[in-house]
Amino acid sequence: MCGIVGFIGDAKDANAVDIVIEGLKKLEYRGYDSSGIAIVEQNGQLVVRKKKGRISNLEEFIADENLRSGIGIGHTRWATHGEPSDANAHPHMDASGRIAIVHNGIVENYAELKKELIEEHGIEFRSETDTEVIAQLIGLYYDGDIEAAVHKAIERMTGAYSIGVICSEEPNKMVAYRKDSPLIVGLGSNCNFIASDIPALLRHVRQIYLIENNETVILTKNNVKILDSQLREVHRDVFNVTWDAEAAEKEGYDHFMLKEIHEQPKGIRETVTRRMDDDGNIVLDGINMTKEDLEKFDRVYIVACGTAYHAGLIGKFAIEKLAGISVEVDIASEFRYRDPFVNDRTLFIAISQSGETLDTLAALREAKQKGARILSVVNVVGSSVARESDDVFYTWAGPEIAVASTKAYTTQLVCMYLIGLYMGRTKGVLDDETYKKYVDGLLEMPEKVQEILRQENRIEALAKKLYKRNNVFFIGRGNDAAVSYEGSLKLKEISYINSFAIAAGELKHGTIALIEQDTLVVALATQDRLLDKMVSNIQECRTRGAYIVGIAKKGRDSVEEHSDDIIWIPECSDELSPLLTVIPLQLLSYFIAKLRGCDIDKPKNLAKSVTVE
Ligand code: F6R
């Protein structure tokens, strides 16, 4: 995820170049694909240096220049608009070369602003980013007052973003602005800082201001002024950071996994809302499939590994139901060796958080070589899977650091629903009412996920009852069976408890032999149309002595009646329920692993990106 660092002080005491680069390094853990810095040199020149890849590439690039300044902004970029490259890296400058900006977030109306800047003002763009539009807009409005120019530009922009701005004509001032993307100010002695995250500043300051939405900050080396949306000065209490650097990276959470579980409402919201136009229609910018293309496909494969494969299982339900196309889901390491039936009428959908999983990549290459059209659902922009695909649909979960995938999974699910809706609409098989029902349902999901997250203490208490078990079964039907596989994987990979997931109707064909007194069974019963059948499966287990933890939509009393413990999820359609059902399973796994003293973020034998066969 992108990171911002800025410093304003006295070049005699401290070099902004060193301080900004050191701050950027503290944000490396968040993931990035390029970095850059802008300073105003003593001679009044604005200097911008940026490089694709690691921060060390940037350091090497500027090593011989002896750059020194009392003001600087820097950025680590996690690509969204435009691939990772030197040109797309931040900071970006306006056309006059006087103004430089760094930016986190998205300018939603950047395409229309860019068109206006090109057509009406003849501005030439040097990058594919939405950020350059902000730099050019500020440049357009600049008439000697950088603060006023920033305000004018902000009035034109929609989206969620925070920015840091410097101008060579006002080298003693830095302007920053926040809208729905984190921004903090660090208060030093004879110097001040901006950053997107606390870890970037901890070496220098512990006293910070937390900037609120729609606030502008004007910094000089001795003063920080915060203005509200009406440009009235506001008072802000100082926040004293008491965390150590490691805790700060996790924003106060004990583990990245827990932090990432809590980031899911935001990830889901961004993945949906950034694809909606003003009329509530889904616009999938990465996918260019016509009605004719879609009608041509006689077979769709979804291929992935692990958690991404589990998202594919839900994708099958979503695409078959919404687009009326039959879908097969394959484990990538199996697909490539089973001589799959693929030709130019095949749509191959790869799902991968990292975009580097070798099995998925190899399956993709196999399908491509046989003529399939390749659509990938990927979290990392510019990754191998993304580069080798015909169409790419990004999950926008932000970097996932914990090995156990959580927010990547829920955003992959959202992508599956969006692809199903897009295909159904484009093919003309989905009526307006059903389309709207799903879109509205997706828009309600972030709040519903939040509602489950508010039950965290209850789920932790439940984990205290269960964490000593050594065998767990997850059962469910339909969508719930697919989520059971994910719940079981989450538990086993971080707690090392032997767990097994099975479609509940399949129990009686063998596995039920293992259910005995006190066996723990987590029963997912959120599919209304299968509720009675699921309750029967729960009873089958209970009569054999199993301890049942039921998961059901509020008010489904029959599940509670036959369970020893119950976790409620908010009301939702059967189709969208996986987005909610998985949340208590993630939390339960997390708390059980924590109680067992496991290394949650780095489980044994596992790597975040599996680039070997
Ligand atoms: C489990 C997990 C893995 C990955 C799998 C595929 O929590 O993270 O099962 O889902 O290794 O990885 P990607 O999605 O990067 O292709």
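The paragraphs below take up a glutamate and its surroundings, then the ligand.

This is a predicted model, in which local features need pLDDT of at least 70, side-chain atom pairs count only at pLDDT 80 or more, and totals for chains, interfaces and linings use all residues. Residues are numbered from 1 along each chain as its sequence is written, and side-chain values use heavy atoms, with hydrogens and water left out.

Start at E260. Helix α7, residues 256-262, holds it; helices here are DSSP runs of H or I, at least four residues, numbered from the N terminus. E260 is buried, meaning under 20% relative accessible area with a 1.4 Å probe, protein chains only. E260 has no salt bridge, a term that requires a side-chain nitrogen of Lys or Arg within 4 Å of a carboxyl oxygen of Asp or Glu. K407 is its nearest side chain of opposite charge, 5.0 Å away; Lys and Arg count as positive, Asp and Glu as negative, and His and the chain ends are not counted.

What does the side chain of E260 reach at 2.6 Å? The backbone nitrogen of I401. Beyond neighbours within four places in sequence, E260 also contacts P399, E400, A402, T406 and K407, among others; contact means heavy atoms within 4.5 Å.

Now the ligand. Around it are 14 residues, of which S352, Q353, S354, T357 and E493 come nearest; a residue is near if one of its heavy atoms lies within 4 Å. Ligand oxygen atoms lie 3.1 Å from a polar backbone atom of T307, 2.8 Å from a side-chain N or O atom of K490 and 2.6 Å from a polar side-chain atom of E493. The protein covers 89% of the 400 Å² of accessible area that the ligand has on its own, by the Shrake-Rupley method with a 1.4 Å probe. Helices α10 (306-323) and α17 (479-495) each give two or more residues to the shell.

Notes: Buried < 20%, exposed > 50% of the residue type's maximum accessible area, 1.4 Å probe, protein only. Polar contact = N/O pair within 3.5 Å; in protein donor to acceptor, adjacent residues only side chain to side chain.
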